[in-house]
Amino acid sequence: MEDYNGYETVKECLILAGISELQKHSIEDLSLRRVSALCNVSCAAPYKHFKNKQEFVFEIMLYINRQWEKLRCQVMEAFADNEKTQLIEVCIAYIRFCIANPNFRNIMSMKPDSFQNSNMQDDFYFTENENLIRDYCIKKFKSEGTVKKKIFTIHSIIYGTAYMMDRKYLENSKETISMVRLILEEELE
């Protein structure tokens, strides 16, 4: 059996090499030849696992989404007894996930033109995180204006914190996470 750079399957190797490739190049400049070379497989190998480049990118996004979803479910279970704490801890986990996986974060924020007007787009852009934040805010805050403001603020805190930690404007420390947790708690009061 061939060695796929330590991965169990060629498909997994291709997906992870695709993540690396998308770190360096845009979706439009994604080269399945370069991805194949990273896995030490033939140029035809991606087409044995994916119909085309669009499906390949979609599978990469699904892979990343599944990694996040596993963690999110663990957090949801651990804090099932308190909805507000659950939401805060999911937000904190998302920040940590983004910082631990900067190559994932860039891909998670991509909105490829090729998925517009496609059912595929719904599979990874309307996430359970957004539903969780929206549903909590609708229940807690009655005014539509307040709900929109809170959703915007919470998203800004999450993505801003991840960005600032990544750029080293904020230290990735327990103190920073505690500060963010406190800010989220205040916003959700």
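Which residues do ring pairs link into a cluster?

1. Basis of the note. The structure is a predicted model, in which local features need pLDDT of at least 70 and side-chain atom pairs count only at pLDDT 80 or more, while totals for chains, interfaces and linings use all residues. Residues are numbered from 1 along each chain as its sequence is written, and side-chain values use heavy atoms, with hydrogens and water left out.

2. Overall fold. The protein chain has 10 helices and zero strands, where helices (H or I, at least four residues) and strands (E, at least two) are DSSP runs numbered from the N terminus. Along the sequence the pattern therefore reads α-α-α-α-α-α-α-α-α-α. Of its 189 residues, 43% count as buried; buried means under 20% relative accessible area, exposed over 50%, and partly exposed in between, with a 1.4 Å probe and protein chains only. Among contacts (heavy atoms within 4.5 Å) with a separation of 6 or more, 63% come from residues 24 or more positions apart.

3. Nonpolar core. A nonpolar core is here a set of buried Ala, Val, Leu, Ile, Met, Phe, Trp, Tyr and Cys residues joined through side-chain atoms within 4.5 Å. The largest such core has 53 residues, and those with the most contacts inside it are Leu14, Ile19, Phe56, Ile60, Ile154 and Leu184. Two or more residues each are given to this core by H1, H2, H4, helix H5 (83–100), H6, helix H8 (128–140), helix H9 (144–166) and helix H10 (174–187), and H5 gives the most, with 10 residues. Ile154, leaving aside its neighbours within four places in sequence, is in contact with Cys91, Ile133, Cys137, Leu184 and Leu188. As general background, nonpolar side chains tend to be buried together in soluble globular proteins.

4. Aromatic pairs. Rings of Phe, Tyr and Trp (its six-membered ring) pair if their centres lie within 6.5 Å, with planes under 30 degrees apart counted as stacked, over 60 as edge-to-face and the rest as tilted. The structure holds seven aromatic pairs. Tyr63 and Phe104 form an edge-to-face pair, at 6.5 Å centre to centre and 85° between the planes; because Tyr63 lies in helix H4 and Phe104 in helix H6, this pair ties together parts that are 41 residues apart in sequence. Both Tyr63 and Phe104 are buried. The rings of Trp68 and Tyr94 have their centres 5.1 Å apart and their planes at 85°, so this pair is edge-to-face. Trp68 lies in helix H4 and Tyr94 in helix H5, so the pair ties together parts that are 26 residues apart in sequence, and both Trp68 and Tyr94 are buried. To return to the opening question, ring pairs link Tyr63, Trp68, Tyr94, Phe97, Phe104 and Tyr159 into a cluster.

5. The 15 residues of H1 (residues 10–24) should span 21 Å at 1.5 Å a residue, and the end C-alpha atoms are 21 Å apart, which agrees; the expected span is 1.5 Å times one less than the number of residues. The buried residues of H1 are Val10, Cys13, Leu14, Ile15, Leu16, Ala17, Gly18, Ile19, Glu21 and Leu22, and what covers them includes helix H2 (32–39), helix H3 (45–49), helix H4 (53–78) and helix H6 (102–108). Thr9 is found in the segment before H1 and, at 38% relative accessibility, counts as partly exposed. A polar atom of the Thr9 side chain lies 3.0 Å from the backbone nitrogen of Glu12.

6. Helix H5. The 18 residues of H5 should span 26 Å at 1.5 Å a residue, and the end C-alpha atoms are 25 Å apart, which agrees. H5 is mostly covered, since 13 of its 18 residues are buried. Asn82 caps the N-terminal end of H5, with a side-chain oxygen 3.1 Å from the backbone nitrogen of Lys84.

7. Lys150. This residue lies in helix H9, and Lys150 is buried, with a relative accessible area of 13%. The side chain of Lys150 reaches the backbone oxygen of Glu187 at 2.8 Å, and the C-alpha atoms of Lys150 and Glu187, 37 residues apart along the chain, are separated by 7.0 Å. Not counting residues up to four places away in sequence, Lys150 touches Cys137, Phe141 and Glu187.

Conventions: Polar contact = N/O pair within 3.5 Å; in protein donor to acceptor, adjacent residues only side chain to side chain.
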